[in-house]
Amino acid sequence: EEYLSYENKYMFTELGIDLMFYPEKIASSEIIDLLKRTASTDSMDFARGKLQVAVFKLEEESPLLGMNMAEFSAVAAAEGHNFRVVAIARGNETIIPKFDTKFKYHDLVFIVSKREGMNLLMQYIGKMDIEVKNLMILGGSPIGEMVARQMSKQLDNIKIIEMNKAKCLELSENLPDNVSVVNGDGRNSDMLIEESIKDFDAFVAVTNSSETNILACVAAKRLGISRTIAEVENLEYIRLAESMGVDAVINKKLITAGRIYKFTLSSKVRFIKYMSGTNAEVLEYIVTPESAITKCPLKEMKFPQNAIVGGLIRGNEAMIAVGDTQIQAYDRVAVFALPEAVKAVDKFFK
């Protein structure tokens, strides 16, 4: 982490290195965002939150179950087009929905929303945010340490459980007073009960073992924790973790890959992010004058089949994209695309 300090950054710039990525720091920032928005399994902001992409898992009580896209679009239209579904992840498949696509139990639904539409949207989804005041972290890894240090400025009580005694001593010396460090095996449910896990609002597992993180979150969920987040570095386990009831999954390789992949696309891509639970990507473009995307309304454009424009920022105004929307030069546009469509989408913005 010390390589990112100002004086060292200058040294690396002198050596000819333009950018550096520290995956653990990126992952810790993602976890902190997920602790602030506990209703969604993943999220992404545009223009400081004026436009948001959020991912929701449909549970048994969700009003959306059995509804199709046409019915939900009618609801969105009645509310002034404040939100729009851009994709559904179902099992191992990611679907760009059509009007007759029905929502099913345990679907991961990807929705673009204006800031003012988010609270109403959560009512339709059947979700609500939980205020996190007490946080338990399993694993004193760099990610766990960075999350604890940052969240200690906002939370009343943070507890880290770490198996390595020497690491516990190091953490207790380096972290603020409202972060307590316990030496023990957090894989043991009895140990979690002894450490009063039921008094905590959220549980984050960031050991170096994906299996440990998943199983610990499942145990925490069964003990009554409302919000669980697991670091899962084995890509094959990501959907398994979600199917076992883990609320949100972090994979530092995927997050960092999105940042790097941006540089293989046109210079007009401001940001790209892989969303958890799907192989799709969210891209943010700045529209250049005369680019193909500005030539006609979206409904008349032969946009790639496996991609969809979700919304845009024009000046200070956030807008949800619909068929009649006409993209203009200098708009900031949010696009949701499957991997095979990304290069084709890129051509519309050149």
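**Reading a helix, its cysteine and the aromatic pairs**

Modeller: Phe110 and Phe336 are both buried, where buried means under 20% relative accessible area, exposed over 50% and partly exposed in between, with a 1.4 Å probe and protein chains only. The model is predicted, so local features need pLDDT of at least 70 and side-chain atom pairs count only at pLDDT 80 or more, while totals for chains, interfaces and linings use all residues. Residues are numbered from 1 along each chain as its sequence is written, and side-chain values use heavy atoms, with hydrogens and water left out.

Colleague: How many aromatic pairs does the structure hold?

Modeller: Rings of Phe, Tyr and Trp (its six-membered ring) pair if their centres lie within 6.5 Å; planes under 30 degrees apart count as stacked, over 60 as edge-to-face and the rest as tilted. The structure holds six such pairs. In one of them, Phe110 and Phe336, the ring centres are 5.2 Å apart and the planes stand at 55°, so the pair is tilted. This pair links distant parts of the chain, with Phe110 in strand S5 (residues 108-114) and Phe336 in strand S16 (residues 332-337), 226 residues apart. Strands (E, at least two residues) and helices (H or I, at least four) are DSSP runs, numbered from the N terminus.

Colleague: Which residues form one aromatic cluster?

Modeller: Phe72, Phe83 and Phe103 do. Phe103 lies in the loop between strand S4 (93-95) and S5, and counts as buried at 2% relative accessibility. Contact means heavy atoms within 4.5 Å; leaving aside residues up to four places away in sequence, Phe103 touches several residues, including Leu64, Met67, Phe72 and Val109. Phe103 and Leu64 are 39 residues apart in sequence and 6.4 Å apart in space, C-alpha to C-alpha.

Colleague: What span does helix H8 reach from its first C-alpha to its last?

Modeller: The expected span of a helix is 1.5 Å times one less than its number of residues. Helix H8 (residues 210-222) has 13 residues and reaches 19 Å, close to the 18 Å expected. Its buried residues, among them Ile214, Cys217 and Val218, pack against strands S6 (134-138), S9 (202-205) and S10 (227-231) and helices H7 (189-194) and H9 (238-243). Gly224, with a positive phi near 105°, follows H8.
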